[in-house]
Amino acid sequence: MWFFAIFVGIALAIILQYRTYKKRGLNDLSYSVRFSTDEAFEGDIIYMYEKIVNNKSLSLPFVRVDTELEEGLHFTLVEQSKADSKGRRSIKKISRVQSIFALRAGTEIERRWRVSCDRRGEYNMQGSVIIIRDIVGLAQVARRLEPEDRRDTRITVLPMPADIEAHYTSSMYMSGDVVSNHCFTADPLRICGSREYTPYDPMNRINWKSSAVHGRLMVNLEEKTSRHRFGLVLNMNSRTVENKNLYISDTEAIERNISVCASILDRIAAEDVPVRLYMNTVQNETLSGLGMSPVSEDDGDGAGAKILVSEPFKGKYNVINALRVLASVRNEISVPADKMFDHILQNVGLYRESEHLIIVSAYLDQRMLNLHAMLKREGINVIFYITTTRSDISEFPENVEIYYNCYF
């Protein structure tokens with residue numbers, strides 16, 4: 001009799017706690033997440049902090065949290081193999097982690113994760129899936145908890161500029177130091193005179209001997225110190241003809257294009273040379289907030305309304321804004337590249353502000369060479385940076401300045 005009573009009591013307790021955890025297990029749980037910074041560069045390691053608070057009077061003996069990151073971010077885990085007698089550790093990158101713990105009533109737990117920023121872009125932490133079980137493991141309830149405060153859940157990963165001097169070579173096969181009007185940086189080793197100092201000149205260009213002779217501050221006049229205006233065209237097509245025209249078939253090539261653009265913008269804008277960024281990508285809220293706008297609204301074929309142009313980037317303090325623009329570019333094509341090039345030829349006045357037009361593309365075709373020839377007649381020099389080996393041209397023309405990736 002006593003055995004039966006104990007059995008019935010245990011069964012009722014199990015049923016009671018089963019229903020309690022089924023009904024109240026996920027009540028009064030708060031979830032928050034934040035990143036240690038809101039901006040980082042590709043390759044940086046940052047921290048992500050998760051906090052889960054149990055605000056009810058019911059303890060949770062089993063809590064499993066599944067946290068997943070967007071593609072481009074990875075959790076960095078340091079593991080040590082028990083079989084390794086030397087104690088060496090290995091670093092493992094995964095996009096999803098699971099953790100199991102118990103959470104008493106009225107307590108909280110905060111976890112810190114190392115996150116690797118592997119690809120540029122904008123990321124927003126959406127939340128985690130939390131699974132609750134009862135004491136004996138019969139009841140299981142799950143829910144996706146979203147962060148209550150989203151102020152620190154976003155992070156922008158800026159593109160890392162590519163080393164174009166090491167990875168790209170010119171099709172002109174020049175050797176030695178050549179003074180070129182197409183170069184967008186001055187050579188401090190080639191002094192061709194001096195002029196009076198202006199507030200826009202860096203202090204390291206002051207010629208103190210010349211200043212003492214003239215009685216006022218004088219700066220070195222270096223080769224190629226005149227301030228030109230540049231236009232940088234980011235071609236979002238990875239091939240001459242994309243599938244369905246607006247679908248990028250090789251996103252890795254576009255990422256290389258963006259890295260090269262970041263390097264060029266860094267070099268040009270840091271020299272106080274104004275540079276505008278043009279690209280055939282889809283407008284979004286972030287790009288609009290950073291000053292990107294359509295080239296034109298009232299052209300005939302509507303291509304100008306789908307080509308975005310930035311305000312002139314000038315000075316090292318504006319380079320970070322240029323990198324933010326590149327970080328916010330989505331892998332989407334607003335208008336095919338051939339229509340963008342046709343729009344440039346048909347509306348040269350919109351692009352005439354730029355004396356030099358640098359086109360960063362994953363391929364080179366005859367249409368782009370024709371663009372070079374026709375813009376040259378209008379007094380606009382075109383320079384190409386090609387990030388892959390895709391080319392319809394058997395031999396590079398001698399009068400065209402082309403830089404191609406010597407590793408791909």
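Residues are numbered from 1 along each chain as its sequence is written. Because the model is predicted, local features need pLDDT of at least 70 and side-chain atom pairs count only at pLDDT 80 or more, while totals for chains, interfaces and linings use all residues; side-chain values use heavy atoms, with hydrogens and water left out.

The chain has nine helices and 22 strands (DSSP runs numbered from the N terminus: helices are H or I with at least four residues, strands are E with at least two). Of its 408 residues, 45% are buried (under 20% relative accessible area; exposed is over 50% and partly exposed in between, with a 1.4 Å probe and protein chains only). The chain exposes about 21,800 Å², and carbon and sulfur atoms supply 50% of that area (areas come from the Shrake-Rupley method with a 1.4 Å probe; for residues, only the protein chains shown count as cover). Among contacts between residues at least 6 apart in sequence, 74% join residues at least 24 apart (a contact means heavy atoms within 4.5 Å).

Strand 12 covers residues 154–158, and four of these five residues are buried, so the strand is largely enclosed by the rest of the structure. Strand 2 (residues 39–41) pairs with strand 12 in the parallel sense over three bridges (two strands pair if DSSP finds at least two bridges between them). In this pairing Phe41 stands opposite Leu158. Strand 9 (residues 121–124) also pairs with strand 12, here antiparallel and through four bridges, with Tyr123 opposite Ile155.

Strand 9 leads on to a pocket. The second largest pocket takes four of its lining residues from strand 9, the largest share. A pocket is defined on a 1 Å grid over the protein atoms alone, as an open set of points with protein on both sides within 12 Å along at least five of seven lines; a cavity is a set where a 1.4 Å probe fits but cannot get out, and lining residues have an atom within 4 Å of a point. This pocket has a volume of about 370 Å³ (the space filled by probe spheres set on the points, which are joined across faces, edges and corners). Its lining has 16 residues, with Arg120, Gly121, Glu122, Tyr123 and Arg330 nearest the centre. The lining divides into three nonpolar, five polar and eight charged residues (Ala, Val, Leu, Ile, Met, Phe, Trp, Tyr, Cys and Pro count as nonpolar, Asp, Glu, Lys and Arg as charged, and the others, Gly among them, as polar).

Elsewhere, eight strands form an open sheet of mixed pairing, in the order 13-22-21-20-16-17-19-18. Strand 13 (168–170) and strand 18 (293–294) are the edge strands, each pairing on one side only. Strand 13 runs antiparallel to strand 22 (residues 401–405), with three bridges between them; Thr169 stands opposite Tyr404 there. Strand 21 (residues 381–391) is mostly covered, with eight of its eleven residues buried. Strand 20 (residues 356–364) runs parallel to strand 21 over eight bridges, and Leu364 has Ser391 as its bridge partner.

Two residues close the tour. Asp28 is in the loop between helix 1 (2–24) and strand 1 (29–35). Asp28 has a positive phi of about 55° although it is not a glycine. Most residues other than glycine have a negative phi. Ser32 lies in strand 1 and touches Tyr49, Glu50 and Lys51, not counting residues up to four places away in sequence. Ser32 and Glu148 are 116 residues apart in sequence, and 6.0 Å apart in space, C-alpha to C-alpha.
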